[in-house]
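Visitor: I'm new to this one, could you walk me through it?
Guide: Gladly, let me bring it up first.

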Amino acid sequence: MAKTYNISIIKGDGIGPEIVDEAIKVLNAVGQKFDITFDYKEYLMGGIAYDKTGDPLPQETIDGVKNSDACLFGAIGGPKWDNLPREKRPESGLLRFRKNMGVFANLRPAIVYDELADASSLKPEVIKGVDIMVVRELIGGIYFGQPAGKDEQKGWNTMVYSVEEIERIAHVAFKLAMKRDKRVCSIDKANVLDVSQLWRETVEQVAKEYPEVELSHMYVDNAAMQLIANPKQFDVMLTGNIFGDILSDEASMLSGSIGLLPSASTGLDTAVYEPIHGSAPDIAGMGIANPIATISSASMMLRYSLDEIEAANAIDNAIKKAMKDGYRTGDLAAYDCKVKVNCSKMGDIIASNI
Ligand code: IPM
Ligand code: MG
């Protein structure tokens with residue numbers, strides 16, 4: 001029997017609309033193949049939401065996404081809105097959105113496609129075969145800790161984690177590790193920060209429930225270095241909010257292009273899937289963006305929220321085939337490119353590979 005899923009769509013700003021359209025194209029292709037119906041509803045967020053409603057995160061968006069099975073998200077922000085007061089800026093909308101949705105676990109894979117090993121700034125032998133999953137806590141830590149503020153003389157933020165917050169994100173990391181190479185490296189700054197000491201002790205406790213998983217700890221500064229020196233040593237990296245923000249950008253560069261990597265933000269009732277790159281205002285509307293990160297996010301949505309594993313695999317294989325066949329968008333045109341394509345053509349090719 002055909003299954004139907006309600007998918008909320010947030011295209012956002014910049015290249016958001018172009019890349020999301022391609023992901024929808026590919027979703028429709030797998031829908032046809034596997035007899036799945038996707039019911040899409042579009043909601044506003046970011047700069048475009050501010051322009052149309054005066055609020056970067058309208059209530060209708062929160063309600064709509066909460067009532068959907070999963071959300072596919074493009075990107076938000078751009079120079080046009082950078083000078084607005086902080087609470088009107090697209091980024092504030094995004095943080096409020098994450099908090100409202102309760103999406104505490106942010107999964108950011110960094111994998112290297114063999115054909116693109118030359119695209120990385122690191123040597124191919126260092127990065128070939130890299131397959132890392134950064135599990136970043138997303139709605140706590142210094143991003144949201146109180147007190148926070150600034151006056152003329154000072155600015156301050158507070159890094160706070162409760163045992164409960166650490167436990168729930170640690171469980172996500174260990175569960176994922178069980179399905180992967182069974183290794184978790186927990187990142188902290190326990191040599192300096194009290195909050196990190198609690199983090200480390202709590203992760204140790206959670207680890208006892210997963211005896212098959214090997215747990216190690218690493219200071220964040222060393223982890224930044226090790227990611228460049230020997231990235232293959234990592235399987236799952238478990239981090240707090242700000243350390244994960246920084247390390248996931250670094251990890252993404254192992255793959256050569258930030259245009260390739262998806263992410264999932266999952267919580268108790270809903271999950272949001274988005275490319276890890278931003279809205280790229282400099283190339284917005286030109287039709288040259290790389291839609292692969294968003295298409296790959298759609299695959300994560302099938303895998304993690306809808307449990308449509310076959311369909312997810314079909315998308316991953318279709319992307320790999322496009323890469324192997326030498327189709328490249330501009331960002332990767334210098335690497336093993338046989339046919340240079342634009343955003344929509346890349347979507348066509350991946351859809352037809354399904
Ligand atoms: C990210 C981004 C956001 C963050 C910004 C846009 C608020 O850098 O998703 O990594 O810092 O979390
Ligand atoms: Mg970031």
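Guide: What follows is a short talk about the ligand and the domains of this predicted model.

Visitor: Okay, which residues surround ligand 1?
Guide: The residues around ligand 1 are Glu91, Arg98, Arg108, Arg136, Tyr143 and Asp245.

Visitor: And how do those divide into nonpolar, polar and charged?
Guide: The shell around ligand 1 has 5 charged residues and 1 nonpolar residue, with no polar ones.

Visitor: Which side chains have an N or O atom facing an oxygen atom of the ligand, and at what distance?
Guide: For Tyr143, a side-chain N or O atom is 2.6 Å from an oxygen atom of ligand 1, and for Arg98 the corresponding distance is 2.7 Å. Arg108 also takes part, with a polar side-chain atom that lies 2.9 Å from an oxygen atom of ligand 1.

Visitor: How much of the ligand does the protein cover?
Guide: On its own, ligand 1 has 320 Å² of accessible area, and the protein covers 71% of that.

Visitor: Switching topic, which domains does the chain have?
Guide: The domain assignment gives domain 1, which is written as 1-108 + 268-354, and domain 2, which is 121-255.

Visitor: How far apart are they, and how many residues does each bring to the contact?
Guide: Their C-alpha centres lie 25 Å apart, while the contact takes 13 residues from domain 1 and 16 residues from domain 2.

Visitor: So where does the ligand lie relative to those two, and why?
Guide: Ligand 1 lies between domain 1 and domain 2, because both of them give residues to the shell around it.

Notes:
Residues are numbered from 1 along each chain as its sequence is written. Chains are lettered from A and ligands numbered from 1 in the order in which they are written. This is a predicted model: local features need pLDDT of at least 70, side-chain atom pairs count only at pLDDT 80 or more; totals for chains, interfaces and linings use all residues. Side-chain values use heavy atoms; hydrogens and water are left out. A residue is near a molecule or strand if one of its heavy atoms lies within 4 Å of it. A polar contact is a pair of N or O atoms within 3.5 Å; within protein, one must be able to donate a hydrogen and the other to accept it, and residues adjacent in sequence count only if both atoms are side-chain atoms. Accessible areas come from the Shrake-Rupley method with a 1.4 Å probe; for residues, only the protein chains shown count as cover. Ala, Val, Leu, Ile, Met, Phe, Trp, Tyr, Cys and Pro count as nonpolar, Asp, Glu, Lys and Arg as charged, and the others, Gly among them, as polar. Domain bounds come from an automatic or database domain assignment. Contact means heavy atoms within 4.5 Å.
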